Every structure is written in structure tokens, then in C-alpha cells.
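Trainee: Please go through this model with me. I would like to ask about each term as we meet it.

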Amino acid sequence: PIPCVPCLPRLSSGINAEYSVADFEKVIDFLRERVDGITIITDIIAGFPTETEEDFRETMNLVKKYKFPSLFINQFFPRPGTPAAKMKRIPTQDVKKRTKEITEFFHTYKPYENRLGKIYTVLVTETSHDGNYYVGHNEFYEQILVPKRPELMGKMFQVKIVDSCKFSMTGELLEDTSVVRPAPADPLQVGQLSGAQLVETKNNNQVFQLSFAVLLLAALARLFYLIWL
């Protein structure tokens, strides 16, 4: 999620945000132009102490412009120890009104209604809340409901989208699709870090020795710092 409300100009000083509305839009536009089908969601905090009606309208304009497939909408709550906790709060009825307006607009559009006929590869990992479907996700982590057949749990296969609602799509298996279990990654080699490639040396023990030396130097530096503090 990309936080939205803190980027508004008159709020940024109170929230200590480091980006503007233009920065926010630039990031979203950049990603959407270069990553086809990317899913971008955001957080909305309504009723920050310095939020004006004009600020709220800017927030609504952003929501209407991008029509995020998912929104985390919350009313401002003062967290003890933060500067905002000492600020004068906006009347509760105004905060509730703004939250309601955002929520009502969010439910006016269906982000997946143009996906009918699309084909995706999904991985099934769970059961739907009503227990009637299995839940799979495509490469963009969008939720796709599939038939509840035991052999599909934990498997990958292709589906064609036949229906959609506010929060998910429904897919049917392609007739010629293969149902496969994802292959686990190869186990890490001794001394290899997750997400990093092992550097080949004449002696693999050098990897361990180098790592140990770095940790030792860090520990000594910390010790000297505490002694001289």
C-alpha cells in the first residue's frame, strides 16, 4: 500500500510526510505505465487534526482519479506520545461524515468488471469465507475464486474469468490446463544467505570466515562505543 492522506500539503507538516500529492501521483503513474496489471492500494486516514474541508476534497479527488481496488479507510485516532496527540481534534461528526463519503464512493465501482474472458495462472492457497470456493491468486495477488475440488488445493493452473464482484473474480479451469504443484526452491548451500548468491571461491570456508570476521568487527566496534560513551 502507498499511504495517501499524509501527502496533502497542509497535512504534511503535522504528519512529517516527506512527499507531496504530485510525488504520490508520479509514483502511481510510473508504476501503472510500466507494470501492466499492477495492483496498487492505499491507506486513507480521515480527520487528521489539521485536515480542512479542502484537504478532504483533494483526498476524494485522488480516490476518484485512481479508483483503487482496495482501500484501508480509518478515522484518525491520537496515538500517545505523538505530536498529533496534542493537537485540537476535528469534531467527531465531521470525521464520521468524511469517512462515510469515502466508503460510499469506494462501493460505487467494480475494479474487475472488465476482466471477463481474461486468462490467468493462479495458485490456490485457502478456502473462501463462505466455504463454497477455493481462493487462488494471480501474479498480481488479485483474488480469484475457483471450484472447490480437493485436488486443486496447493496447485497452480490456468483459469478463464467468468464473473466478478467488488473484491474478487471467479474463474473456471481451462480444458487443457495442467494442474501442478509448485516446485520448492533448491535448499541453500552451507554459508549461503537467503536471497543472495553464493560467491564461488577456492575454499568455501572463506565465506564463513569472512562472515564471522565482519560480525566480530561489528561486535568490537559496539563494545568500544559503550566503553567510551
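Predicted model: local features only at pLDDT ≥ 70, side-chain atom pairs only at ≥ 80, totals over all residues.

Mentor: Let's start with Thr-177, which touches Phe-157 and Gln-158 once residues up to four places away in sequence are left out.

Trainee: What makes that a touch?

Mentor: Contact means heavy atoms within 4.5 Å. Residues are numbered from 1 along each chain as its sequence is written, and side-chain values use heavy atoms, leaving out hydrogens and water.

Trainee: Where does Thr-177 lie, and why is it called buried?

Mentor: Thr-177 is in the loop between E7 and helix H5 (205-228). Buried means under 20% relative accessible area, exposed over 50%, and partly exposed in between (1.4 Å probe, protein chains only). Thr-177 has 18%, so it is buried.

Trainee: How far is Thr-177 from Met-156, in sequence and in space?

Mentor: Thr-177 and Met-156 are 21 residues apart in sequence, and their C-alpha atoms are 9.5 Å apart.

Trainee: Which other strand does E7 pair with, and in which sense?

Mentor: Strand E5 (residues 143-147) pairs with E7 in the parallel sense over two bridges, and Ile-144 stands opposite Met-169 in E7. E7 is mostly covered, with four of its five residues buried.

Trainee: What do these strands build together?

Mentor: A closed barrel of five strands, running E3-E4-E5-E7-E6 with mixed pairing. The twist averages 55° from one strand to the next. Strand E3 (residues 119-127) and strand E6 (residues 156-164) are antiparallel and joined by five bridges, with Val-122 partnering Phe-157 in E6.

Trainee: Why does Ser-168 count as buried, and what does it touch?

Mentor: Ser-168 has 5% relative accessibility and therefore counts as buried. Ser-168 sits in the loop between E6 and strand E7 (169-173) and touches Tyr-112, Gln-143 and Leu-145, again not counting residues up to four places away.

Trainee: Now the helices. Why are H2 and H3 called roughly parallel?

Mentor: Axes are lines fitted to C-alpha atoms, for helices over the stretch in contact, and angles run from 0 to 180 degrees between N-to-C directions. Under 35 degrees is roughly parallel, over 145 roughly antiparallel, 65 to 115 roughly perpendicular, and the rest oblique. The axes of helix H2 (residues 21-34) and helix H3 (residues 53-66) cross at roughly 5° and come within 12 Å. H2 and H3 are therefore roughly parallel.

Trainee: Which residues meet there?

Mentor: Val-21, Phe-24, Glu-25, Ile-28, Asp-29 and Arg-32 in H2 meet Glu-58, Leu-62, Lys-65 and Tyr-66 in H3.

Trainee: What makes Phe-48 and Phe-76 a pair, and of what kind?

Mentor: Rings of Phe, Tyr and Trp (its six-membered ring) pair if their centres lie within 6.5 Å; planes under 30 degrees apart are stacked, over 60 edge-to-face, and the rest tilted. Phe-48 and Phe-76 are 5.4 Å centre to centre with 75° between the planes, an edge-to-face pair. Both are buried.

Trainee: And why is the pair of Tyr-66 and Phe-68 called tilted?

Mentor: Their centres are 5.8 Å apart and their planes at 35°, so the pair is tilted. Tyr-66 is buried at 5%, and Phe-68 is buried at 0%.

Technical notes. Pairing = 2+ DSSP bridges.
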